[in-house]
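Reader: Please take me through this model by its interfaces, starting from one residue.

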Amino acid sequence: MIYPGFLISCVLLALASPAPEAPKPVDLTVHADYLHVAPGEVVRNALIQIRDGKIASVLPGRSAPDGALSAHSIMAGMIDASARVTPGDVAVEQSKEVITNLSVTDSLDFFNPAWDRLARTGVTTTLIAPPDYNVVGGFSVVVKTSGPKRVEARVVTGASILRGAIGELPSAGNSPAFGRPTNFYARRPTTRMGVEWEWRKAFFDAAQSARFPDAEFEGADVLRACLAGDVRIFIQAWTTADIRTAVYLDEEMQAEGYGDLDIVIDAGAEAWKEPAFLVRTGTPVVLPPFPATGRLGERAFMPWDTGRKLTDLGIMIALSAHGETGLKERLSAQAGYAIRGGLTFDEALACVTTTPARLLGVEKQVGAVKSGMDADLVLWNGAPFSATSNIVGVVASGEVVLTPR
Amino acid sequence: MNILIAPILSALCAVSGDTGSLVLQAEVVHGPDGPIEKGRILIRDGKIEAIGAGLELPEDGHLIELEGHLSAGLVAMGDQTGLKGEALDSTRQIMDGADLAFGYDKTDDGWGAFLEAGVTAVLLTPKPGALVGGRTAVVKPAGAMVQRRAHLHVCFSNAAFKPGVAPTSYPGAISMLEQRMKTPTGGFALLGKGLGVLLAAKTRAEGLRAVAFAKRHDLTGALTGVSRAGDLADELHDAGLGVILPPIGAAADPRVPASAATLGKKDIPLAFSLGATNRSPHALRISALRCMKAGLARDAAWKALTSGAGEIANAPVGSLAVGRAADMVLWSGDPLELTSQVERVWIEGKQVHGDDDQ
Amino acid sequence: MNISSITHLTAALALTSAAALGGDSHAIKVGKVITMAGEPIENGIVLIESGRITAVGPASEIQIPWDAEVFAAPNLVAFPGQVEACTSQGMDRANESIDVAPFLNVVDSVDPVNFFYEEMLRAGITTLNVQQGNSTVIAGRGMIVKPSGMTVAAMTVRPEAGIKIAITPKRGKSRAVQLMILREAFAGLRRTLEDLVQEANDGNDHARREALAQGRDFEAEDGKGRAMTGSGWIVEGLEAVPRASIDSKILPLLAIVEGRISVYMACSTPMDVLHGLEIAKENGFLAQTVLLLGPTCWKVSDEIKAAGVRGVILSSTLEHTERAPFAEEDTVTVLPTHFAEKGIPFALASQNSTTQSLWFQAARCVALGVDREVALAAITSGPAEVIGLSSEVGTIEKGKHGNLVLLSGDPLSLQTQVRYVFIEGKLTYDRTTDTRLQHLMDGVQPEGTSADEPVVEDIHEEERTAGDK
């Protein structure tokens, strides 16, 4: 498709898939008093049958068989569209500000206990992105939080997602090239303005390369694919100004006739301030974790009813927890805070399951408890997301990764 | 009863091409096919001519009967003795033409410690600090160079990253290596044509990427620096690579020697390294013994110290096979007992360490 | 939305009707009263007179006095004002640089206009035990306050309440040095007292003359000597020394040793706890000790139970996760259930962070398996007991302070809001007038609190509308 690493991942995945076999007996049975199949769909006294890591069937109105795994309520394993479990700055190539031919996949470490801890908080699928030290950092990858500690077993093929940022972070660490620079950080961009310039230049150059073969450069193919809408771009933009810039970027590309970008705003804390841009362009937003008293990254301010406001305007939102696993910080707690801020239960459930699944292009595989989808389940001892409920069990790809005590 | 000959005399006797052959007899001789009770080795011109139990003494041969165990000298994998700060060139990231052999200094005092520990072959490696640090060499302590270019040293750990120099990341590093492999020149062109690859990593995830790289390009060689490489056993086996383990001390993480035992069970070639320059060569035997305690088979442990290490080192060392150089050690007992000491060491048939008894 | 507007309207009407009467008598009528001293009361009334609760019961059983101001909120739930067992916020600076400074007093440090008190009030916490911070060996005396009032005097509920001792080493010190200083403080006290007794027996008047010169008063009690009492050690013959002769800088230490003041002992690690208990026992203040525990201290819960301390305050970390050096898995200990199983009553804490409200801590305890009543007690009657104010606050019972929180629903529900807070019968917080909270919850900029945001012109508007694409 786009670049060698990705191609290799595809090849490895193909090699790893098993040959089809005759139907086997059920591997695991789980019972729920209340099963939230998907937002708005509840099944009472549901018996979930799992085979080969997938949901084989969901049978309503059954009682729990003796000794079977059982819980008060069960929902689909959660999806964090901005999980940020990487080894840090060695996960993103910073020798250039715009990197389009590399993927964060090559830096993943599945021996890190963080994956296990994240899985036990009910997050079974994540989008891992290159850290935002670059203007464009390369490709993100959809990863399951548990399973064999091998790339082939954990990477999920979804939408092609490129990662970039608008704001302060990409320019941090760069300095004007006074005197004799000792390393490549003596370069632009050094300001937010410069970051925006890098984005425009990248797409401008890509558009030129489409018209003039001589103007071809390394990584141009990916940028052309972005302009064609074949590659989705997650852009981190905390503040109103940055979100505006991201949306204008897309509109400008359209205005110039270069193409139509498919953008998702990540950490769009101030999306609530000027939602008109987002409504107009239908840009989805991934919200960062709720702060206790307002201020967030790059001094952005996000009130608690952001979820309600944006949903009322028809903007697609997902919640994220940035890989945090503490009781108060984890993704399920974020859903609780969103409910406190005015979302209904089903809206909050969508924000952590079906919506992020769609944004990642994996909605056929995860995000709901339906036959044929991955057997990813979160078991609760009460109503999900309530302050007085806790996650007591997690099943991922049919394996029990957190056993109810 | 011993027939005792002064070391000077024995040295004279063993000067190549001069005075004929030497036959050493010991209580046990650890030959390439296993231990031989009351074994004898026939040495001529510094090479092993024959090895066995009831070897006949040739006419010009001196027989020396020794108490103890005779074995091939140990092979230490991964050291920077004598390189004196030339073990790492931080100016460039890819130095596929840099031979550690150029930095070898046979007069360095450090070699004495190796002989005292019964080590007769050392793999010189660069310090991890560049993406491709150079080509390794196999030398004899204070002696000859056995293999000028054994492996291309490729670093997959984050030690290869320097601030402000490309690559700064794992994806960038792999991309850079793949670029070089597309149209290989210099050292890269010799890979697979007699030049092995030495994959340096620290974490298991890095090790997996290293092994995948080797498999992609059908390279032979070994993975070094990953303590718990046992978790990568399937991939290693599939890629046909060996493993060089970092030193395992007495108080180390118990999962590390257990990991080595796993590798042994899967028949993955093993060897032991020394790491930093001031690490005592005695650490080799201690590492092996720790692994044996955790379940590594005796043969596998011995192989890892000697012939297996030699194979990984891409050099004809570590074995008392016929035709090989007579690099041998006399131990006071079984070399795989910690209580055994090194009594004498010969390199190419010449005694280079140990007293004579009068 | 409609229901709450009606509630507000009703409440407003209820207030205005009785406003003209003024007076000190209040009747609060709610849909449910959770007293924390028995079963909840449906359609309950709480009568408060001169700041104290005079009656609690179902509406059918309570006679509302004719002159009482009636506050009717039939859709709200009354809950006792919560009690923060130990906090060091809301002050100028939490600690002094001096290691042993028992002569300090937080009364000089408490800052009534600090946002912290506004946050506590908003969260429904009506009683706070303010102590110095943990960066000390022996700190000064704390006090118990209510989060309302423009002066410290107006905020005071009980002055001179408790003193902070830190076993966990102050930054830069090892535990050995920390404990040496602590032990030496008490040893020094002992030596000083013995010297004073010696001087008095020798007829030496030096101490008394010195104290007079410093302006100390020898009136009444202070002029007399009193025998030393204490369960740890005593100095014989102290009755010969007038109390006023004892240097005021070390008098608080004497109060500790005589068991007259609560000691809040900060312990981060299990070893801190063991040493702390030993020192407390040696110096006779074990029964007055309240332990402030770090997340690992559960490991010595048996010793804590056996010691018989006054109380235990947990940190805001409710689950402790650790991994043994070469283990493949984490071990998780749930702290509130652990202490509950050991039969050790505990108080929860916001731990100097308003982001970790008491009600949320209690809710998480329930999520982790703690009994609901135990969790609720850990933020009301439990901490009241720990700080020695169980006869005054912590439950809605006759005789206690009229501290109530009116909630829009169950106290442990995520969707519940604090609507009103009454402190000693006075309406002190009304959510509808809380502009800062509105800004936090829905981004509404309070009028006059910041520059008006400029209207952003859509700079691409012209381009977009000019000519179709």
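Reader: Leaving aside its neighbours within four places in sequence, with which residues is C:Met36 in contact?

Author: Residues are numbered from 1 along each chain as its sequence is written, while chains are lettered from A and ligands numbered from 1 in the order in which they are written. The model is predicted, local features need pLDDT of at least 70, side-chain atom pairs count only at pLDDT 80 or more, and totals for chains, interfaces and linings use all residues; side-chain values use heavy atoms, with hydrogens and water left out. C:Met36 sits in the loop between strand 1 (25-33) and strand 2 (41-49) of chain C, strands being DSSP runs of E of at least two residues and helices runs of H or I of at least four, numbered from the N terminus. Contact means heavy atoms within 4.5 Å, and the partners of C:Met36 beyond four places in sequence are C:Phe79, C:Pro80, C:Glu373, C:Leu376, C:Ala377, C:Thr380, C:Gly394 and C:Thr395.

Reader: Is C:Met36 buried or exposed?

Author: Buried means under 20% relative accessible area, exposed over 50%, and partly exposed in between, with a 1.4 Å probe and protein chains only. Because its relative accessible area is 13%, C:Met36 is buried.

Reader: Which residues of domain 1 of chain C lose the most area to domain 2 of chain C?

Author: An automatic or database assignment sets the domain bounds, dividing chain C into domain 1 (2-81 + 394-433) and domain 2 (82-187 + 247-392 + 457-469). Buried area is the accessible area (1.4 Å probe) that two parts lose on being put together, summed over both; for these two domains of chain C the value is about 2,000 Å², with 64% on carbon and sulfur atoms. Together supplying 29% of what the side of domain 1 of chain C buries, the residues that lose the most area are C:Met36, C:Leu412 and C:Ile423.

Reader: How many salt bridges are found across the interface of domain 1 and domain 2 of chain C?

Author: A salt bridge is a side-chain nitrogen of Lys or Arg within 4 Å of a carboxyl oxygen of Asp or Glu. C:Arg52 and C:Glu392 form such a pair, with their closest N and O atoms 2.7 Å apart. Across the interface of domain 1 and domain 2 of chain C, the count of salt bridges is three.

Reader: Which element gives the largest share of the side of domain 1 of chain C that touches domain 2 of chain C?

Author: A polar contact is a pair of N or O atoms within 3.5 Å; within protein, one must be able to donate a hydrogen and the other to accept it, and residues adjacent in sequence count only if both atoms are side-chain atoms. Between these two domains of chain C, six residue pairs are in polar contact (both at pLDDT 80 or more). Strand 4 (69-80), strand 17 (418-423) and strand 18 (426-430) of chain C each supply at least two residues of the domain 1 side. The largest share, four residues, comes from strand 17 of chain C.

Reader: How far apart do the C-alpha centres of domain 1 and domain 2 of chain A lie?

Author: Chain A is assigned domain 1 (25-76 + 368-405) and domain 2 (78-366). Contact joins 23 residues of domain 1 of chain A to 27 residues of domain 2 of chain A. The C-alpha centres of domain 1 and domain 2 of chain A are separated by 30 Å.

Reader: How many salt bridges are there between domain 1 and domain 2 of chain A?

Author: The two domains of chain A bury about 1,800 Å² between them, 67% of it on carbon and sulfur atoms. A:Lys144 and A:Asp376 form a salt bridge whose closest N and O atoms are 2.5 Å apart. For domain 1 and domain 2 of chain A, the number of salt bridges is two.

Reader: What area is buried between chain A and chain C?

Author: The contact takes 35 residues from chain A and 36 residues from chain C. Carbon and sulfur atoms give 55% of the area buried between chain A and chain C, which is about 3,000 Å².

Reader: Which element gives the largest share of the side of chain A that touches chain C?

Author: Across this interface there are two salt bridges, and C:Asp330 and A:Arg117 meet in a salt bridge at 2.7 Å, N to O. Nine residue pairs are in polar contact between chain A and chain C. Helix 2 (113-119), helix 6 (240-256) and helix 9 (331-340) of chain A are the elements that give two or more residues to the chain A side. The largest share, five residues, comes from helix 6 of chain A.
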